Amino acid sequence: MNFPKETEKDITVIKVNLSKATMKEAGELKNTVAESLSNGSSKFIIDFSQCEFMDSTFISALINSLKNVSKVNGKLFLANVHSESMSLMELTGTSKVFSFYPTVKDALKSFQ
């Protein structure tokens, strides 16, 4: 499974279990978030600690997921984003729409 989920209180933590997240996995991420939304989740952290790179299609899937989460007044935070991926997000301007945290623990604290 590329995107295992855990629940901390009412927060869904989705781990990106890939070294490279590309267009091949983008749909699976969107489906994972959509499924959790349909089950009543509205708070998400996506953990990139294992992922060293994401391509632009995967970033688009993140933006799509953020839009869907926002429709239910939810929140989606990113944790442990590696520098190469962060550089791509800054270059494309997408870094402005996300909240970033150095660790999942820090992201969890921000919900309190």
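This is a predicted model: local features need pLDDT of at least 70, side-chain atom pairs count only at pLDDT 80 or more; totals for chains, interfaces and linings use all residues.
**Entry 1: aromatic pairs**

I took phenylalanine 48 and phenylalanine 58 to start. Their ring centres are 6.4 Å apart. Their planes stand at 85 degrees, so I noted the pair as edge-to-face; planes over 60 degrees apart count as that.

Where do phenylalanine 48 and phenylalanine 58 sit in the chain? I found phenylalanine 48 in the loop between strand 4 (43-47) and strand 5 (53-54). Phenylalanine 58 belongs to helix 2 (residues 56-71).

I then looked up phenylalanine 98 and phenylalanine 100. This aromatic pair is also edge-to-face, with 6.3 Å centre to centre and 65 degrees between the planes. Phenylalanine 98 has 7% relative accessibility, so I wrote it down as buried. Phenylalanine 100 has a relative accessible area of 24%, so I wrote partly exposed.

Which residues do ring pairs link into a cluster with Phe48? I noted Phe3, Phe48 and Phe58.

**Entry 2: serine 110**

I moved to serine 110, which lies in helix 4 (residues 104-110). Its relative accessible area is 31%, so I put it down as partly exposed.

What does serine 110 touch, leaving aside neighbours within four places in sequence? I found contacts with Phe77 and Tyr101. Serine 110 and phenylalanine 77 are 33 residues apart in sequence. In space, I noted 9.4 Å from C-alpha to C-alpha. The side chain of serine 110 also reaches the backbone oxygen of alanine 107, at 2.5 Å.

Key:
Residues are numbered from 1 along each chain as its sequence is written. Side-chain values use heavy atoms; hydrogens and water are left out. Rings of Phe, Tyr and Trp (its six-membered ring) pair if their centres lie within 6.5 Å; planes under 30 degrees apart count as stacked, over 60 as edge-to-face and the rest as tilted. Helices (H or I, at least four residues) and strands (E, at least two) are DSSP runs, numbered from the N terminus. Buried means under 20% relative accessible area, exposed over 50%, partly exposed in between (1.4 Å probe, protein chains only). Contact means heavy atoms within 4.5 Å. A polar contact is a pair of N or O atoms within 3.5 Å; within protein, one must be able to donate a hydrogen and the other to accept it, and residues adjacent in sequence count only if both atoms are side-chain atoms.
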